[in-house]
Amino acid sequence: MSKVMKREEQRVEDTWNLASIFESDDAFERELKDIEKYLDKGEKFKEGIDSKEMLLEALETEREISEKASKLYVYAHLKHDQDTSNDTYTAMEGRVRSVLVKVNTAWSFLTPTIMNIDEETLNEWAQDDSLKEFKFDLEKLNAKRAHVLSDKEENILAQSSEVTGSPTQTYMMFNNADLEFPDVVDGEGNKHPLSQGTFIDHVKSDDRVRRQSAYENLYATYRGFENTISSTLQGVVSAHAFEASVRGYKSSRHQALSKNFIPESVYDNLVKTVNDNLHLLHKYTELRKRILGLDELKMYDMYTPLVRDVEFDMTYENAKEWMLKSLEPMGEEFTDIVKEGLENRWVDVYENKGKRSGAYSSGTYGTNPFILMNWTDSVNNLFTLTHEFGHSVHSYLSRKYQNSNQAGYSIFVAEVASNFNEALLADYMMKNLEDDKKKMYLLNEQLDGFRGSVFRQTMFAEFEHEIHTMKESGTPLTAGALNKLYGDLNKKYFGDSVSYDDNIATEWARIPHFYMNYYVYQYSTGYAAAQSLADQVLRGGKDVAERYMNEFLKKGSSDYPINVLKNAGVDMTTTEPIENAMKVFERQLNELEALLDKAE
Ligand SMILES: [Zn+2]
């Protein structure tokens with residue numbers, strides 16, 4: 001690999017055009033100064049809002065100031081990420097952050113003040129034409145009213161949050177800062193450092209000794225602290241139960257899912273449908289065992305790629321063509337946006353010194369989307385670029401067709417458009433690649449992606465719900481109980497082709513997501529919804545593509561996430577989308593098996 005260039009050595013056409021946000025840093029500074037003027041515009045509403053005219057003015061002012069603030073933030077954070085070693089932009093980002101805090105603090109009164117308007121009056125105002133842009137936001141506020149407590153109680157809850165948050169704090173500090181692991185020893189006796197970050201590289205290795213060493217050393221270390229970690233996990237689960245109970249929710253899950261108005265049946269359907277299809281995961285592990293040629297398939301054999309040494313030679317120029325071709329089933333309105341992005345410098349393509357690693361799609365209301373990449377000519381980069389364009393087009397269309405208060409979208413649907421794009425790309429490549437080995441490589445990537453996003457995350461979701469239920473019924477979450485529960489789930493999910501050992505039973509101890517209150521199931525539902533939608537578009541053609549554009553990509557958060565998805569063709573309150581996604585997995589599994597038979 002040639003040496004990494006400096007930021008100023010990048011060709012302009014390979015960088016994102018931040019002058020489209022502010023023409024210069026001076027213009028940014030002027031705007032940053034200007035926003036200070038807005039800070040005390042909230043004062044006059046603090047005493048109470050007593051007419052619909054006043055409510056409209058408050059909502060519009062707050063919307064305007066948050067639009068301005070996010071634009072400032074996006075400019076500074078992109079400038080910072082393109083070269084994090086540049087002190088000017090580090091400082092600029094810091095200054096914007098503190099302005100954001102000021103804005104949020106200055107306007108934090110608004111929701112409680114609106115809640116002080118009695119329900120009937122607020123409902124009546126919300127029906128008025130003048131407030132129609134905010135009608136849905138107000139409806140959502142009203143719906144949560146039953147769980148808002150008195151001012152005094154809310155105050156006590158706010159003050160107690162430092163205490164209830166402390167188990168999570170303790171776990172994060174322990175897991176990220178204090179915990180140390182013994183070195184990994186590879187097949188040739190060489191030592192390698194082991195950390196949370198390097199673990200996945202070790203278990204992806206084709207050196208089995210190295211994989212086993214990483215696996216055993218990591219889990220033995222966690223096992224040594226299992227009582228400490230079960231106690232932090234018990235602490236956070238208690239905190240969830242406490243808040244759910246004082247706010248009058250039926251359970252922790254009820255509260256967590258109510259945040260985005262997701263019915264609990266969505267969760268139960270997911271777990272049930274995935275359980276009904278575990279034979280497919282078992283077939284996958286059998287196939288993995290066969291391809292790797294092992295007598296015993298262990299949990300540390302689960303991540304190593306089944307097909308190696310495949311050269312795609314994917315230059316950025318080639319990748320753009322593959323991506324555009326693969327997205328053609330979406331029609332011109334869609335591909336024109338992608339072309340516009342490629343031509344008008346939405347993408348910051350190559351690595352340079354100090355550039356933030358990884359990839360993302362960013363931007364805000366009033367700017368175009370921006371995509372950060374660190375391109376290295378790999379086929380995985382092509383998938384990443386296509387994934388990020390999924391986010392970008394979703395944001396672009398939602399901002400174009402919605403006001404800024406409804407242009408964002410909830411975490412429940414956030415990964416649908418991105419995974420949808422990846423599914424179209426995979427389909428197109430499978431149809432157009434000639435080399436069987438390349439096809440097998442892609443199928444392996446698809447299957448592993450599905451396994452990780454749907455099966456594994458649903459297993460997490462099942463574990464998470466079970467520990468909350470145990471807590472709510474008074475069963476203590478001891479290390480022994482957690483190991484037993486997790487070990488049994490792991491056996492059930494991965495099946496008899498895997499030679500089970502006790503190490504994996506402690507995996508729960510290393511998963512920070514269990515501290516995030518019913519978060520993980522959304523990886524599975526989002527991924528499955530995307531697979532199902534892509535499959536429908538590929539089979540159904542233009543009308544289905546249009547429905548997905550109009551009912552999903554353009555809708556932002558103008559309706560409940562479950563309704564937006566339903567109107568686009570996936571009803572997550574039924575088992576159908578998960579079942580459809582399972583069929584895609586099964587098809588890919590059969591394709592891989594057929595190619596394997598052919599090669600033998
Ligand atoms: Zn994403």
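Where does Leu-294 lie? Leu-294 is in the loop between helix H14 (278-292) and helix H15 (316-326). Helices here are DSSP runs of H or I with at least four residues, strands are runs of E with at least two, and both are numbered from the N terminus.

## Before you dig in

This is a predicted model, where local features need pLDDT of at least 70 and side-chain atom pairs count only at pLDDT 80 or more, while totals for chains, interfaces and linings use all residues. Residues are numbered from 1 along each chain as its sequence is written, and side-chain values use heavy atoms, with hydrogens and water left out.

## Leu-294 and its surroundings

Leu-294 has a relative accessible area of 17%, so it goes down as buried (buried means under 20% relative accessible area, exposed over 50%, partly exposed in between, with a 1.4 Å probe and protein chains only). Setting aside neighbours within four places in sequence, Leu-294 is in contact with Arg-208, Lys-289 and Asp-301; contact means heavy atoms within 4.5 Å. Glu-576 is 282 residues from Leu-294 in sequence and 36 Å from it in space, C-alpha to C-alpha.

His-391 is buried at 12% relative accessibility, whereas Glu-415 is partly exposed at 32%.

In soluble globular proteins, nonpolar side chains tend to be buried together. Here the largest nonpolar core has 134 residues, and Val-347, Met-429, Phe-463 and Phe-552 have the most contacts inside it. Helix H19 (residues 436-472) gives the most to this core, with 14 residues. Such a core is a set of buried Ala, Val, Leu, Ile, Met, Phe, Trp, Tyr and Cys residues joined through side-chain atoms within 4.5 Å.

Take Met-429: leaving out residues up to four places away in sequence, it touches Phe-312, Met-314, Trp-322, Val-379, Leu-382, Phe-383 and Leu-442.

## Aromatic rings

A search of the whole structure turns up 34 aromatic pairs. In one of them, Trp-346 and Phe-389 have ring centres 6.4 Å apart and planes at 25 degrees, so the pair is stacked. Rings of Phe, Tyr and Trp (its six-membered ring) pair if their centres lie within 6.5 Å; planes under 30 degrees apart count as stacked, over 60 as edge-to-face and the rest as tilted. Trp-346 is in the loop between helix H16 (332-343) and strand E3 (347-348) and Phe-389 is in helix H17, so the pair ties together parts 43 residues apart in sequence. Both Trp-346 and Phe-389 are buried.

Elsewhere, Tyr-284, Phe-450, Phe-455, Tyr-527 and Phe-585 make up one aromatic cluster. Charges over rings show up too: the charged end of Lys-41 sits over the ring of Tyr-38, 4.5 Å from its centre, and that of Arg-451 sits over the ring of Tyr-303, 4.9 Å from its centre. The cut-offs are NZ of Lys or CZ of Arg within 6 Å of the ring centre and within 35 degrees of the ring normal.

## Two positive phi values

Phe-261 has a positive phi near 60 degrees and lies in the loop between helix H12 (252-258) and helix H13 (264-276). For Tyr-518, phi is positive and near 55 degrees; Tyr-518 is in the loop between helix H20 (479-494) and helix H21 (521-540). Phe-261 is partly exposed at 24%, whereas Tyr-518 is buried at 4%.
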